[in-house]
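Here are my notes on this structure, as numbered points. Please read them with the model open.

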Amino acid sequence: AKIMDKTLNIKKTRFFITGGSGSLGRSIIKYLLKKGAKNIISISRDENLIKQAEIEIGKSPVQFKLGDITDTQLVSRLMQDVDVVFHTAAVKHVSLAEKNSREAHRINVVGLLNLLDNSHSVKRFIHISSDKAIGVVNCYGATKLLGEYLVRESNELYKKSKYVIIR
């Protein structure tokens with residue numbers, strides 16, 4: 001709850017969750033709903049996980065969108081009037097990132113940059129990083145470390161927004 005500025009009315013706040021159908025994204029959505037959130041948009045690229053999330057969460061004000069965070073037009077449209085972003089989407093499995101380094105870069109770096117480039121009007125941007133960003137020894141950790149640098153830089157570029165990194 002410390003992530004949320006006390007001046008934000010959770011019932012009126014518009015949330016955008018990337019990777020909202022994943023385990024962490026679903027947990028964030030459930031927490032926000034429990035606290036009274038009425039306007040949540042989730043984006044994920046896995047149809048099966050979206051359907052599972054819809055069933056698990058049940059009838060709610062959550063809009064589950066099928067899409068990719070590297071899609072500039074989609075992200076621009078979905079982020080209009082968003083107040084708070086929880087960025088949980090990523091190629092997360094170390095072994096998959098190693099074997100698919102271009103895809104890890106595309107999602108974890110280019111996708112994040114697309115979100116950041118569209119975040120100039122948000123109040124809060126919460127980026128979920130990883131302990132793998134410390135003492136980097138693999139592709140996944142390298143993408144998460146670069147992501148942290150990009151998020152920190154955004155605090156300088158977009159002074160009206162607050163960017164936070166969580167490991």
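1. In this predicted model, helix H1 packs its contact with helix H2 through Arg 26, Ile 29, Lys 30 and Leu 33. On the H2 side, the partners are Leu 49, Gln 52, Ala 53, Glu 56 and Ile 57. By class, the contact of H1 with H2 holds five nonpolar residues, one polar and three charged.

2. How do the axes of H1 and H2 cross? H1 covers residues 23-34 and H2 covers residues 47-57. Their axes come within 11 Å, and the crossing angle is roughly 30°. Angles under 35 degrees count as roughly parallel, so H1 is roughly parallel to H2. The crossing of H1 past H2 is right-handed.

3. H6 spans residues 139-157, and H5 spans 101-117. The axes of H5 and H6 come within 10 Å and cross at roughly 10°. Therefore H5 also counts as roughly parallel to H6.

4. Which residues make the contact of H5 with H6? H5 supplies Ser 101, Ala 104, His 105, Asn 108, Val 109, Leu 112, Leu 113 and Leu 116. H6 answers with Cys 139, Tyr 140, Thr 143, Lys 144, Leu 146, Gly 147, Leu 150, Val 151 and Ser 154. The tally for the contact of H5 with H6 is ten nonpolar, six polar and one charged.

5. Now the largest pocket. Its volume is about 540 Å³. The lining of the largest pocket counts 25 residues. Nearest the centre of the pocket are Arg 45, Ala 89, Ala 90, Val 91 and Lys 92.

6. Which elements give two or more residues to the lining of the largest pocket? They are H1, strand E2 (39-44), helix H4 (94-99) and H5. H1 gives the most, with three residues. Please check H1 from both sides: Arg 26, Ile 29, Lys 30 and Leu 33 of H1 meet H2, and H1 also contributes to the pocket lining.

7. What is the make-up of the lining of the largest pocket? The lining residues divide into ten nonpolar, ten polar and five charged.

Technical notes
Residues numbered from 1 in each chain as written. Predicted model: local features only at pLDDT ≥ 70, side-chain atom pairs only at ≥ 80, totals over all residues. Heavy atoms only, no water. Axes fitted to C-alpha atoms, helices over the stretch in contact; angles between N-to-C directions. Helix = DSSP H or I, 4+ residues; strand = E, 2+ residues; numbered from the N terminus. Parallel < 35°, antiparallel > 145°, perpendicular 65-115°, else oblique. Left-handed = near helix turned anticlockwise from the far one by under 90°. Contact = heavy atoms within 4.5 Å. Nonpolar A, V, L, I, M, F, W, Y, C, P; charged D, E, K, R; others polar. 1 Å grid on protein atoms, 1.4 Å probe; cavity = no way out; pocket = protein on both sides within 12 Å on 5 of 7 lines; lining within 4 Å. Points joined across faces, edges and corners; volume = space filled by probe spheres on them.
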